[in-house]
Amino acid sequence: MKPFHWESTHGNFGDDLNLWLWDFLLPGLRDVHEETLLVGVGTVLNTSLLPPDGQKLVIGSGFGYGTLPDMSDRSKWDIRCVRGPLTAEKVGVPADMGIIDPAVMVTEMPEFKNLPKTKRHTFVPHWESAGAGLWQDICKTVGLSYLDPRGEAKAVIREIATSELIVAESMHGAILADAFRVPWIAVSTSRAINSFKWNDWAHSLGVTYAPKHIPVSTRAEAIAKGARFWGVGFERDEQAASELEKQRHGETVLADPQQTTLRVMAKQALAVPSALALWQASKAKPQLSTDAALAGRKERFMSVIEGVRRDYI
């Protein structure tokens, strides 16, 4: 059995959990049932991502983009649970099969236990924001630690786990914060964001997705997202978005060709509204699911895992 891994060219720590989380939860899975694809962490229930043929075992995946596959043939689709009740409704399974995002189970791995807390208040942007925005510089001006979601997954998780507060545009930034009992605040730089996946997870734990809006920080970011920047509306530029897709952690593809001192100063001045909004958002009241809600969902998820072990391993 092989876990499905959507290997995005830009890198995304949430998707990259599939490279090693399932080996911890289901030791030996790679040695059995070669014909089965384990569909796990991520918003991956999408016909454009999953191969059309073969058997699939769904454990905690979510819907949110594109077209949902036809999952009616239960001889080809073994659905044990999905991310939350909204995905369950879309898929056509009972609401109680919408348990939790599997990413929360990283807290059970020995390497992530008893990590010392720091005093960091950390901002985790969406990967598109990280690629085209000025957020690393903005964080320096507003007293936040900046965490690029395109970084190596385990390193990103440790930064989240050891922070005291997470300001998250990245959904898995909030999911991992909540799992590690780190209070979190949701923000968004796009009013057109697909909130389905956020609400799917939030409903599973009884929390609310009500993101604080923050203006985009650069013209390039506005072009890539189809957003407004200083009162000017931009249509989403698919070529610019494609360039973002090609980025890796630490790269800047959409930067101005000549970063003169004057140009840098001008960009920083234009980003002042973004900095102010991010600072204000970081002072809002954070959220955290109850200990009982999280523990209950994890217990139900582990019951699913035990069933998979019996049937497949």
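Biologist: Which residues of strand E2 point one way, and which the other?

Modeller: In this predicted model, Thr-36 and Leu-38 point to one side of E2 (residues 36-39), while Leu-37 and Val-39 point to the other, and all are buried. In a regular strand, side chains alternate between the two faces of the sheet.

Biologist: What makes E1 and E2 count as paired strands?

Modeller: Pairing takes at least two bridges. Strand E1 (residues 2-3) and E2 have 2 bridges and run parallel, so they pair. Pro-3 stands opposite Leu-38 there.

Biologist: And how do you know that E2 pairs with E3?

Modeller: The cut-off is at least two bridges, and 4 bridges join E2 to E3, so these parallel strands qualify. One of the partners is Gln-55 in E3, which bridges to Thr-36.

Biologist: Why is Thr-107 called buried?

Modeller: Its relative accessibility is 8%, and buried means under 20%, so Thr-107 counts as buried. You'll find Thr-107 in the loop between helix H3 (85-91) and strand E5 (121-124).

Biologist: What does Thr-107 touch, leaving out residues up to four places away in sequence?

Modeller: Lys-113, Ala-179, Phe-180 and Lys-298. Take Phe-180: Thr-107 is 73 residues from it in sequence, but their C-alpha atoms are 6.5 Å apart in space.

Biologist: What joins the side chains of Thr-107 and Glu-108?

Modeller: A polar contact of 3.5 Å. The limit is within 3.5 Å, and neighbours in sequence count only if both atoms are side-chain atoms. This pair is joined through its side chains, so it makes the list.

Biologist: Why is helix H7 said to be largely enclosed by the rest of the structure?

Modeller: Because 9 of the 9 residues of H7 (residues 171-179) are buried. Among them are Met-171, His-172, Ile-175 and Asp-178. Just after H7, Arg-181 takes a positive phi of about 65°.

Biologist: Which residues have the most contacts inside the largest nonpolar core?

Modeller: Trp-22, Ile-59, Val-106, Trp-201 and Phe-301, in a core of 53 residues. Elements that each supply at least two residues of this core include helix H2 (21-25), strand E3 (55-61), H7 and helix H13 (291-312). Apart from it lies another core of 20 residues, among them Ala-130, Leu-134, Leu-165 and Val-167.

Biologist: What does Ile-59 touch, again leaving out residues up to four places away in sequence?

Modeller: Its contacts include Trp-22, Leu-38, Val-39, Phe-301 and Val-308. So Leu-38 and Val-39, which point opposite ways from E2, both touch Ile-59, with heavy atoms within 4.5 Å.

Note on methods:
Residues are numbered from 1 along each chain as its sequence is written. This is a predicted model: local features need pLDDT of at least 70, side-chain atom pairs count only at pLDDT 80 or more; totals for chains, interfaces and linings use all residues. Side-chain values use heavy atoms; hydrogens and water are left out. Buried means under 20% relative accessible area, exposed over 50%, partly exposed in between (1.4 Å probe, protein chains only). A polar contact is a pair of N or O atoms within 3.5 Å; within protein, one must be able to donate a hydrogen and the other to accept it, and residues adjacent in sequence count only if both atoms are side-chain atoms. A nonpolar core is a set of buried Ala, Val, Leu, Ile, Met, Phe, Trp, Tyr and Cys residues joined through side-chain atoms within 4.5 Å.
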